[in-house]
Amino acid sequence: MFEITKKSLQLGAHTLTIETGEIARQADGAVMVSYGDTVVLVAATAKTEVKEGQDFFPLTVDYQEKTYAAGRIPGGYFKREGRPSEKETLTARLIDRPMRPLFPDAFYNEVQIVATVLSIDPEIDADIPAMIGASAAVALAGIPFYGPMGAVKVGYINGEYVLNPTATQLKESELDLVVAATETAVMMVESEAKELPEDVMLGAVVFGHEQMQPVIKMINELAAEAGKEPWDWTPPEPDTALIAKVEAIAAEDINAAFKIKSKGERSAKLDEIKSRVMSTLITEETSTLEANKIKDEFFKLEAKTVRSQILNGEPRIDGRDTRTVRPITIRSGVLPRTHGSALFTRGETQALVVTTLGTGKDEQIIDALAGEYYENFMLHYNMPPFATGETGRVGSPKRREIGHGNLAKRALKAVLPKKEDFDYTIRVVSEITESNGSSSMASVCGGCLAMLDAGVPLTAHVAGVAMGLIKEGNRVAVLTDILGDEDHLGDMDFKVAGTDKGVTALQMDIKITGITAQIMQVALAQAKEGRAHILGLMKQAVSGVNTEMSQFAPRIITMKINPDKIRDVIGKGGAVIQALTKETNTSIDIEDDGTVKIACTNADEGAEAQRRIAQITAEVEVGQIYEGPVVKILDFGAVVTLLPGKDGLVHISQIAHERVKAVSDYLKEGDVVKVKVVEIDDKGKVRLSMKALIDPPAREEAPAAE
């Protein structure tokens with residue numbers, strides 16, 4: 001019934017197995033990928049017909065984690081998986097970004113790739129198996145594809161590269177890098193690092209590319225044995241007559257338009273030229289498909305114009321050479337009530353970045369497949385449509401916004417202070433108010449400056465720059481600080497962030513079928529030069545951390561109490577701590593080890609909360625003198641409150657050598673007396689004494705007590 005084909009190999013410390021023929025047989029291509037105990041089902045399906053009027057490649061990649069994979073039942077009312085988590089969205093992007101360029105130009109059939117995590121080993125992330133599975137599923141489906149593609153993760157521990165490090169190893173690794181590539185060229189890199197030199201980063205990419213070659217070979221063998229017949233698809237021949245018509249109408253004007261430095265004016269001029277081309281060449285008899293071909297040829301003419309100018313050594317669109325960074329202006333502390341803020345403007349790209357400081361209660365709880373954990377650093381990126389002068393939907397973040405925010409976050413993590421040195425939850429929000437190239441790197445720069453303004457003691461300044469590539473045969477140009485049009489019309493988006501010391505994050509996406517290590521080396525060196533320039537300007541504007549935190553930011557007072565006393569501070573039903581926070585206007589967090597964190601915006605209120613907690617948790621000590629009220633009169637003595645919740649008994653049999661007939665003749669409830677602790681028995685009961693040297697209550701003719 002089943003025609004199962006299975007291939008296995010040793011990849012790092014675990015065995016990678018790809019199997020097809022048993023599950024999801026109605027998909028065009030489907031594989032079960034096992035790596036250790038992590039198992040991912042990946043299915044690829046494509047439509048054989050192109051939708052009427054389709055003029056782009058509709059690739060959809062979905063990555064979904066099932067909680068049963070970790071032996072868990074989902075939380076919440078519905079008890080089933082809901083909207084994609086940030087992790088699922090980011091992994092879907094990891095699959096999509098290197099796969100998309102491997103489909104041919106002019107291939108407009110709808111393709112969907114669905115990766116489902118069925119089993120998870122907490123030590124082995126499902127991202128690499130899912131990427132390998134996507135490549136294998138498409139290769140099996142016979143869809144036009146310039147793959148297969150391999151993928152691995154690279155760590156760097158004790159000066160050595162580690163292939164597919166486990167979750168435990170990544171905690172001590174100085175690098176977390178994912179690289180995807182074909183047999184001959186690298187397609188994508190995504191990484192964060194702890195200020196590593198460029199040569200180490202490049203070495204990691206080369207190492208990963210070498211180590212994935214057996215995986216690519218295995219997918220080829222699997223497709224040869226179990227794959228479907230390749231589609232009978234050939235790219236359409238260029239319509240030379242149409243190309244000539246478009247060039248005759250628009251070439252000269254497009255060339256002039258790309259001399260206009262202002263993005264708004266340039267875009268308006270190009271729209272005008274495009275409208276003229278469309279109105280000239282499109283009639284009532286023109287089909288939707290033919291109209292889309294005209295639009296496509298106009299775009300190709302735009303790309304040809306920009307690319308030729310750059311490769312011919314002419315100035316770029318805005319007049320720069322290939323290595324110059326656009327003008328930068330920086331303003332810090334721009335918002336009066338926020339904890340920290342910065343406005344970072346580079347050319348026509350602008351980020352207004354705000355930092356908010358919180359307490360432990362503000363930490364984000366991540367309900368991950370491998371287990372729940374807490375995150376005390378968040379970076380969120382928003383780009384409304386007005387940033388590019390357009391109208392559009394404003395709502396929940398899209399995949400691109402989540403991806404850009406994650407990149408900026410990874411770039412800044414390496415310079416954050418240790419939790420024990422700065423015990424705050426930090427949230428950074430980057431609002432992109434203008435966009436014309438590399439708003440994610442503007443978010444890195446602005447995020448660094450906003451945190452410094454908020455008083456976050458970063459270990460170094462971090463800057464980021466986006467590099468571009470124009471490649472025609474052997475002619476290559478690497479561009480520093482690319483514009484939006486250069487990104488759109490170019491071959492590479494290569495973002496590098498870091499400090500003076502080294503790289504903290506690297507992300508590379510390729511639109512062609514890959515680049516070589518030599519091109520990457522040039523791009524890294526040129527990016528280092530650009531980053532150094534930006535860092536210099538940032539340090540001039542904000543030399544270091546702001547020593548005076550905003551008056552609206554919380555101050556955190558940390559103290560230690562006996563863990564056995566935690567219940568006394570909390571009180572029955574939380575009554576004590578609720579009263580404390582309300583009366584002192586503070587926020588109080590208590591950890592299981594007895595660490596108490598008091599957050600306040602007023603120093604006096606914080607000190608009062610600290611004093612009261614110290615009073616509640618203080619231990620009664622033998623030999624110490626305490627002053628407290630009499631709370632109960634007994635026939636043989638009195639009960640005195642020494643500390644909140646802690647009473648002691650003083651036995652009174654005689655005063656001034658005279659036998660006491662009634663204690664109430666000398667003391668009454670409410671009197672404040674000084675007493676000395678003479679004994680604490682095994683059950684915690686406290687015995688007190690009153691000596692002549694300790695004044696009794698001031699009452700007329702009251703004899704000295706002893």
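**The nonpolar core and its setting**

A: In this predicted model, the secondary structure of the chain comprises 15 helices and 31 strands, where helices (H or I, at least four residues) and strands (E, at least two) are DSSP runs, numbered from the N terminus. The chain has a radius of gyration of 34 Å, well over the 27 Å that the globule rule gives for 706 residues, so it is more spread out than a compact globule; the radius is taken over C-alpha atoms, and the rule is 2.2 Å times the number of residues to the power 0.38. Along its principal axes, the C-alpha trace spans about 125 × 65 × 55 Å.

Residues are numbered from 1 along each chain as its sequence is written. Because the model is predicted, local features need pLDDT of at least 70 and side-chain atom pairs count only at pLDDT 80 or more, while totals for chains, interfaces and linings use all residues; side-chain values use heavy atoms, leaving out hydrogens and water.

Buried residues (under 20% relative accessible area, with a 1.4 Å probe and protein chains only) make up 50% of the 706 residues. A nonpolar core is a set of buried Ala, Val, Leu, Ile, Met, Phe, Trp, Tyr and Cys residues joined through side-chain atoms within 4.5 Å. The largest such core holds 161 residues, of which I113, M131 and F494 touch the most other members. Leaving aside residues up to four places away in sequence, M131 touches L94, I95, P98, M149, A151, V178, A180 and M188, a contact being heavy atoms within 4.5 Å.
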